[in-house]
Amino acid sequence: MNKVKPALLRGFDQEYLPQEQLQFNALVDVIRRNFELYGFLPIETPSAERKEVLTSKGGVEKEIYALSRLAAGADDDEAATKGALRFDLTVPLARYVAMRERELAFPFRRYQIQRVWRGETPQARKGRFREFYQCDIDIIGRDKLSYLAEAEIPSVIYSVFRELGIGDIRIRINNRKVLKGLLESYEVTQKSTAEVLRILDKIEKESPDAIKRSLENSGVIHKYVEGLYEVFVSMPSRQRSTGETLELLKEQLKSEIGKTGLSELSNVVNAIRQFGVPDSAFSVDLSVVRGLDYYTGTIYETTLVDYPELGSICSGGRYDDLASYFTDTKLPGVGISIGLTRLFSKLKEAGLLKAPSRTPAEVLVTTMEHQDLGGYLRMARMLRDAGINTEVYLEPAKLKNQLAYAEKKGFRVALIAGETEFAKQVVQVKNLAARSAADHPLGELVAAVRILLQQSPEVKSS
């Protein structure tokens, strides 16, 4: 029989060794804990949605993976002909809320941590994959949503990344109405606005010539291309305070939509400060564009101050009419997404991840006498009932090999009992870091292990 070469698909190749998975899970735990700290509730939605749902508001069809069976027939069901994999979690959320609005309490605060699929060109060095995890929060109102929700989102971002402890962050904020007001001053038509914003969203990723060429091809009048490009390059607030940027915008914006956006942005900035986010952690930045069509108000991108080359690690914004394709009820919302797979990849590359415990279990029960298997399992059950993570070594092996296994995996305590120990109703409790051991009565096993775990440092990598 011919062997199949074990290999992964390009862009679907993010799988980890157990210790890396523990690091990944630790990030998820911090994110989930902080989301719940602010009162967000968990949901999950199906991996596949109807195609018309995913393309209802700005989904790029060439980036959406459709469902099909390897051997599709005439009797193929609707999932294989009408379904596609979600490319983000926001559009499925809009569908979810529209279907269940009578069952939900508003404002609806949800978090969602799931995989998404996007048919982009994979670039592992840039942390871009075709399958990846996103961690989203959204606040959705019925008919209205206070601007305070837009101000609270940066507070959540700040809380998450402060606990992650990977360095200072900068939450860069802008407003889509401000952007549209600036485009109007350069006579960009409403028809061209969405495409021009998508182009400007790439301003930090593509060369100046490529951006200017794309702007002209999108319909920007030739004489305005240079000026439009320069305003988005020169106005970000890296060299000025948030207050100075707002004053500069007041001079630039003349249209009603631009003035409305500036008023919204000013209110959000003042409220962010009241939520306790320091000025050093956020700024108004016109280079934040967010290319997706559904954003209508405040938009966010977050970067690491000391590692700007990692790009945005958290982004999102306000949307007023995302669910209008699914319901007549107005369901405005605001939210952000952390691209967890990309973030993990870049943090690992930069050496910013904390070393994990090398095994979730803390105690290894070694086995020496097969006839005493019941005794070994009873010890493990006693510890597990007490909430102590415990593994039993089930394969026949010499004791020294079992202890080598324990040290390699990072166990902190090993339990050793042979015929003599069982006869005396004791067990040897071994501190693997200190390489010391002592006998304890079986009835005192849980207490002895607890004391040792409180004192014992983790085993060092071998």
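This report walks through the fold of a predicted protein model, from its overall dimensions to a few individual residues.

## Ground rules and overall picture

Because the model is predicted, local features need pLDDT of at least 70 and side-chain atom pairs count only at pLDDT 80 or more, while totals for chains, interfaces and linings use all residues. Residues are numbered from 1 along each chain as its sequence is written, and side-chain values use heavy atoms, with hydrogens and water left out.

The protein holds 16 helices and 15 strands; helices (H or I, at least four residues) and strands (E, at least two) are DSSP runs, numbered from the N terminus. Its C-alpha trace spans about 90 × 60 × 50 Å along the principal axes. The accessible surface comes to about 23,500 Å², and 49% of that belongs to carbon and sulfur atoms; such areas come from the Shrake-Rupley method with a 1.4 Å probe, and for residues only the protein chains shown count as cover.

Of the 462 residues, 50% are buried. Here buried means under 20% relative accessible area and exposed over 50%, with partly exposed in between (1.4 Å probe, protein chains only). Among contacts between residues at least 6 apart in sequence, 70% join residues at least 24 apart, a contact being heavy atoms within 4.5 Å.

## The eight-stranded sheet

Let's turn to the sheet. Eight strands make an open, mixed sheet in the order E1-E4-E5-E10-E9-E8-E6-E7, where two strands pair if DSSP finds at least two bridges between them. Strands E1 (41-42) and E7 (282-284) are at the edges with a single partner strand each, so one side of each has no neighbour in the sheet. Helix H11 (residues 256-274) packs on the sheet, where it touches E6 (169-175), E7 and E8 (298-304), and its direction makes about 150° with that of E6. For these angles, axes are lines fitted to C-alpha atoms, for helices over the stretch in contact, and the values run from 0 to 180 degrees between N-to-C directions.

Strand E4 (residues 108-117) is mostly covered, with eight of its 10 residues buried. E1 and E4 run parallel and are joined by two bridges, with Leu41 partnered by Arg110 in E4. E4 runs antiparallel to E5 (residues 131-140), and 10 bridges join the two. Along that pairing, Arg110 stands opposite Asp138 and Val116 opposite Phe132.

## Thr45 and Arg95

Thr45 sits in the loop between E1 and strand E2 (48-50), and is buried with a relative accessible area of 5%. Leaving out residues up to four places away in sequence, Thr45 touches Arg86, Pro92, Arg95, Tyr96, Gln112 and Gln114.

Beyond its neighbours within four places in sequence, Arg95 is in contact with Thr45, Pro46, Glu49, Val53 and Phe326.

## Nonpolar cores

A nonpolar core is a set of buried Ala, Val, Leu, Ile, Met, Phe, Trp, Tyr and Cys residues joined through side-chain atoms within 4.5 Å. The largest has 96 residues, of which Phe35, Phe161, Leu228 and Ile338 touch the most other members. Helix H5 (residues 147-164) gives the most to this core, with eight residues. Setting aside residues up to four places away in sequence, Phe161 touches Ile166, Ile169, Ile313, Cys314, Ile338 and Leu343. A second, separate core of 19 residues includes Val365, Ala380, Val427 and Val429.

## Helix H10

In helix H10 (residues 242-252), Thr242, Thr245, Leu246 and Leu249 are buried. Viewed down the axis, the buried residues of H10 fall within an arc of 100°, so they line one face of the helix; the arc is that of the directions from the helix axis to the C-beta atoms. Their cover includes helix H6 (176-185), H11 and E7. Lys250 and Glu251, on the other side of H10, are exposed.

Strand E14 (residues 426-431) is mostly covered, with five of its six residues buried. Four bridges join E14 to E13 (residues 413-416) in an antiparallel pairing, where Val413 stands opposite Asn431. E14 also runs antiparallel to E15 (residues 436-441), through six bridges, and Val427 has His440 as its bridge partner in E15. The hairpin of E14 and E15 has four residues between the strands, and Arg435 takes a positive phi near 55° there.
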